[in-house]
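Have the viewer open while you read.

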Amino acid sequence: MEEQILYSDKNIIVINKLPGQDSEKLWSGFGVFPESNGEVIYPVNRLDMPVSGCIMGGFSKPALKFYGKLFRENKIKKEYWAIAFKGNSIPERGRGFCEDYIYYDRGKRKAFIAKDLKDGCKALCEWEILGISDNYVFFKLFPQTGKTHQLRIQLSNMGFPVKGDLKYGSKRSDSLPGIRLHCHSIKFPLMNCNREITVESLPRYSDNLWNYFYYLYYGKRK
């Protein structure tokens, strides 16, 4: 578990969640930290079970309240990476913006696109295409809201289902654990300190597709 820790201070801890880990239950595996004063680690934000990447826990209820409010008000900036099927769509390189109304059906455990605010919640996301191959589109995503399954349903609605995401249009499961959606970074202010930091993570499991993503992003392979 220790190799998953990306950052910690007296208030919070940020880890690299693995696909398949439960965003709430995983914290019990990290034991008791001195900073937590014997308390449990409180989950501040959540990622879907098959999604990987940066996730934050709080060492106290004041930290949970402080950072939870920042997440809800979109004052913590998030960047996701996604590898999606190109399908029959014809993507154009560049940037764009999604504004959809979505609702989450708890019985079906699935999100749906709604017609308007009356039937769903507004979901906002900026996107950038880093590259396009014969079968895949390589996205950077900057969500401005945090609705359940938001990025997965929005990409699917655009015609680009996330690789491995059977729930939202992928025709087959992935060769690696989970789906090809990863929270690469979060940028946030430190509690009781006039300073911001950015914490980054890379997918734990890698292959030629992720290596190509690294090349598009960093200009070199991992």
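## Ground rules

Helices (H or I, at least four residues) and strands (E, at least two) are DSSP runs, numbered from the N terminus. This is a predicted model, where local features need pLDDT of at least 70 and side-chain atom pairs count only at pLDDT 80 or more, while totals for chains, interfaces and linings use all residues. Residues are numbered from 1 along each chain as its sequence is written, and side-chain values use heavy atoms, with hydrogens and water left out.

## Pockets

On a 1 Å grid over the protein atoms alone, a pocket is an open set of points with protein on both sides within 12 Å along at least five of seven lines, a cavity is a set where a 1.4 Å probe fits but cannot get out, and lining residues have an atom within 4 Å of a point. Grid points are joined across faces, edges and corners, and a volume is the space filled by probe spheres set on the points.

The largest pocket comes out at about 1,400 Å³. It has 37 lining residues, and Arg46, Leu47, Asp48, Thr148 and His149 sit closest to its centre. Helix H1 (61-72), strand E5 (77-85), strand E6 (94-105) and helix H2 (150-158) each put at least two residues into that lining. By class, the lining of the largest pocket holds 15 nonpolar, 11 polar and 11 charged residues (Ala, Val, Leu, Ile, Met, Phe, Trp, Tyr, Cys and Pro count as nonpolar, Asp, Glu, Lys and Arg as charged, and the others, Gly among them, as polar).

The second largest pocket has about 200 Å³ of space. Of its 10 lining residues, Phe85, Gly87, Pro161, Gly169 and Lys171 are the closest to the centre. This lining splits into 2 nonpolar, 6 polar and 2 charged residues.

## Cavities

How many cavities of 30 Å³ or more does a search of the whole structure find? It turns up 2. The largest has a volume of about 100 Å³, and its lining includes Pro19, Ser52, Asp174, Arg204 and Trp210. The class count for that lining is 7 nonpolar, 2 polar and 3 charged.

The second largest cavity holds about 30 Å³. Around it are Cys98, Cys125, Trp127, Leu141, Leu151, Gln154, Leu155 and Met158. Strand E8 (121-132) and H2 are the elements that give two or more residues to this lining, with H2 giving the most, 4 residues.

## Salt bridges

There are 13 salt bridges in the whole structure (a side-chain nitrogen of Lys or Arg within 4 Å of a carboxyl oxygen of Asp or Glu). One of them pairs Glu24 with Arg46, with the closest N and O atoms 2.8 Å apart. Glu24 is in the loop between strand E2 (12-17) and strand E3 (42-43), and Arg46 in the loop between E3 and strand E4 (52-58), so the pair ties together parts 22 residues apart in sequence. Glu24 is partly exposed at 45% relative accessibility, and Arg46 is partly exposed at 47% (buried means under 20% relative accessible area, exposed over 50%, partly exposed in between, with a 1.4 Å probe and protein chains only).

Asp165 and Arg152 also meet in a salt bridge, at 2.8 Å from N to O. The pair links distant parts of the chain, with Asp165 in the loop between H2 and strand E10 (181-189) and Arg152 in helix H2, 13 residues apart. Both Asp165 and Arg152 are buried. Elsewhere, salt bridges that share partners join Arg95, Glu126, Glu128 and Lys140 into one network.
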